[in-house]
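Hello,

Here is the structure I promised to pass on to you. Have a look at it first, and then read my notes below.

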Amino acid sequence: MIKKMTITSIKKSKGVQPLVMITAYDALFAKLFESSADMILVGDSLNMSFAGKKDTISATLEQMIYHTNAVCMGAKNSFVVCDMPFGTYSNKDDALKNAIKVFQETPADGIKVEGGEDKAEIIKHLTSNGIAICGHIGLLPQAVRGEGGYKVKGKTPADELQLIKDAQAVEEAGAFCMVIEGVKAEVAAVIAKSVNIPVIGIGAGVNVDGQVLVFSDMLGFFEEFTPKFVKKYLDGASLVKEAVKNYSDEVKSKKFPKEEHTY
Ligand code: KIV
């Protein structure tokens, strides 16, 4: 039986054991991940790897709710975080209304919102209304069009100072952990030390409190591009293509189905 993480055990893991977070978008994969991952993130990255879009911007709350329910069905013993999509938490009222919708319509344990100091008021409003928040600072995929591309953060002293302020504002607003994305490793390490809640890195080096990867990247299914920070633990695309080719060849040559596959 897998012991499900709680907000308390997640917070207590800081400085003790790195946290393992992975994305999932459906019940099938979520079930496969739950024995090794501490947390499952239903990321809005599903808009790219699942829905084939060029970025995360057009993901909707309805999609996130649908996929979160699927993940929770598959991984009943996992701590599941649902990503709030672009435009659903731009002000306090919308943020609370939409977060309540996620909590009422799914069994998700927490939600994730992108932003630092600029989103602290909104995060505080959510946490003080019973919503568990995972922050997300550094490179913010929902800002990609506004910033004109994916830009690594923490390259200047001013940038580093702002990231520290962001992390501390997110912590003070009541988040139980945060993701830090696309930040120079030495800067991410300083930021992780500047707060008392776990800072989970993606493209942020090893000296943080855990790692998160998008499952379709780390299993090698997503072929469009591979960011520098991704390690492929499986060549999923090749394995799937080879298997489907074998199936296709066997159907065409009438080698499948055999006697043992026939009623
Ligand atoms: O949407 C997502 O998968 C994410 C991860 C990149 C952390 O936010």
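How many salt bridges does a search of the whole structure find? There are 9 salt bridges, where a salt bridge is a side-chain nitrogen of Lys or Arg within 4 Å of a carboxyl oxygen of Asp or Glu.

Before the details, a word on the source. This is a predicted model, in which local features need pLDDT of at least 70 and side-chain atom pairs count only at pLDDT 80 or more, while totals for chains, interfaces and linings use all residues. Residues are numbered from 1 along each chain as its sequence is written, and side-chain values use heavy atoms, with hydrogens and water left out.

Let me start with the salt bridge between Asp55 and Arg145, whose closest N and O atoms are 2.7 Å apart. Asp55 sits in the loop between helix 3 (46-49) and helix 4 (61-74), and Arg145 belongs to helix 7 (residues 144-147), so this pair ties together parts that are 90 residues apart in sequence. (Helices are DSSP runs of H or I with at least four residues, strands are DSSP runs of E with at least two, and both are numbered from the N terminus.) Asp55 is buried, at a relative accessible area of 5%; buried means under 20%, exposed over 50%, and partly exposed in between, using a 1.4 Å probe and protein chains only.

Another salt bridge joins the side chains of Lys112 and Asp83 (2.8 Å, N to O). Because Lys112 is in strand 4 (residues 110-112) and Asp83 in strand 3 (residues 79-83), the pair links parts that are 29 residues apart in sequence. Lys112 is buried, with a relative accessible area of 2%, and Asp83 also counts as buried at 2%.

Are Glu105 and Lys101 buried or partly exposed? Glu105 is partly exposed at 40%, and Lys101 is partly exposed at 29%. Their side chains meet in a salt bridge (3.1 Å, N to O), and both residues lie in helix 5 (residues 92-105), 4 residues apart, or about one turn of the helix.

Now for the strands. Strand 6 (residues 177-181) and strand 7 pair in the parallel sense over 4 bridges; two strands pair if DSSP finds at least two bridges between them. Val179 stands opposite Ile200 in strand 7. On the other hand, Ile200 also stands opposite Gly210 in strand 8, and 2 bridges join strand 7 to strand 8 (residues 210-213), which run parallel. From strand 7 (residues 199-202), Val199 and Gly201 point one way and Ile200 and Ile202 the other way, and all are buried.

Happy exploring!
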